Amino acid sequence: MFTLSPRTTLAALAAALFLAGCAVQGPQGSSSDASSTAESGGSSRDPLIDAPHRATMRCVSQEPVTVLRRVKEVSFACPDIDVSATIDEIRDAGWRVVSLDVGEEEERDNHVGFPVTITVRKLF
């Protein structure tokens, strides 16, 4: 019988996210300051939506990703704009994943988990 290690499973999950269109590859280099908000005239008061176009930020999973808690279910802390949101909420606000970094494994509650850091860019 064929079994996958937790690290292999997580790597396959990350690859599936990229293949599913969760990531858009763009030019590397300088990033905009995501802490500034849109002009007060059209502001929705949601930092994820009001962030300037092409802004980039790094968000860290608040809990490790495990076989019991998928990436889509984990909230990510984005300190640049003081927001905590899931990947779906971040995508719905016009952000796309540029990179996904899986950290060193850690054991919690008898399950191996991995902290995940994502870098996202505001596209619309």
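Biologist: Which residue forms a salt bridge with Lys-72?

Modeller: This is a predicted model. The closest N and O atoms of the pair are 3.7 Å apart, and a salt bridge requires a side-chain nitrogen of Lys or Arg within 4 Å of a carboxyl oxygen of Asp or Glu. The partner of Lys-72 is therefore Asp-88.

Biologist: How many residues apart in sequence are the parts that this pair ties together?

Modeller: Lys-72 lies in the loop between β1 (56-61) and β2 (76-78). Asp-88 lies in helix α3, so the pair ties together parts whose separation in sequence is 16 residues.

Biologist: Are Lys-72 and Asp-88 buried, partly exposed or exposed?

Modeller: Buried means under 20% relative accessible area and exposed means over 50%. Lys-72 has 46% relative accessibility, and Asp-88 has 31%. Both values lie in between, so Lys-72 and Asp-88 count as partly exposed.

Biologist: How many salt bridges does a search of the whole structure find?

Modeller: Besides the Lys-72 and Asp-88 pair, Arg-69 meets Glu-63 at 3.1 Å, N to O. Glu-73 pairs with Arg-70, with the closest N and O atoms 3.3 Å apart. For the whole structure, the search gives a count of three.

Biologist: What is the relative accessible area of Arg-70, the partner of Glu-73?

Modeller: Glu-73 is partly exposed, with a relative accessible area of 43%. Arg-70 is likewise partly exposed, and its relative accessible area is 49%.

Biologist: And what is the relative accessible area of Glu-63, which meets Arg-69 in a salt bridge?

Modeller: Arg-69 is partly exposed at 30%. Glu-63 also counts as partly exposed, with a relative accessible area of 33%.

Biologist: Which elements each supply at least two residues of the lining of the largest cavity?

Modeller: The lining consists of Ile-87, Ile-90, Arg-91, Trp-95, Arg-96, Val-97, Ile-118 and Val-120. Ile-87, Ile-90 and Arg-91 fall within the range 87-92, Trp-95, Arg-96 and Val-97 within 95-102, and Ile-118 and Val-120 within 116-122. The elements are α3, β4 and β7.

Biologist: How many residues of that lining are nonpolar, polar and charged?

Modeller: Arg counts as charged, whereas Ile, Trp and Val count as nonpolar. The lining includes Arg-91 and Arg-96. The division is six nonpolar, no polar and two charged.

Biologist: How much space lies in the largest cavity?

Modeller: A search of the whole structure finds one cavity of 30 Å³ or more. The space in the largest cavity is about 30 Å³.

Biologist: Where is Arg-54 found, given its positive phi?

Modeller: Phi of Arg-54 is near 70°, and the residue is not glycine. Arg-54 counts as exposed at 65% relative accessibility. Its location is the loop between α2 (47-50) and β1.

Biologist: Phi of Asp-82 is positive too; what is the relative accessible area of Asp-82?

Modeller: Phi of Asp-82 is near 55°, and the residue lies in the loop between β2 and β3 (83-85). Asp-82 is exposed, with a relative accessible area of 70%.

Biologist: In what order do the elements of the chain run from the N terminus on?

Modeller: The chain has three helices and seven strands. From the N terminus on, the order is α-α-β-β-β-α-β-β-β-β.

Notes:
Residues numbered from 1 in each chain as written. Predicted model: local features only at pLDDT ≥ 70, side-chain atom pairs only at ≥ 80, totals over all residues. Heavy atoms only, no water. Helix = DSSP H or I, 4+ residues; strand = E, 2+ residues; numbered from the N terminus. 1 Å grid on protein atoms, 1.4 Å probe; cavity = no way out; pocket = protein on both sides within 12 Å on 5 of 7 lines; lining within 4 Å. Points joined across faces, edges and corners; volume = space filled by probe spheres on them. Buried < 20%, exposed > 50% of the residue type's maximum accessible area, 1.4 Å probe, protein only.
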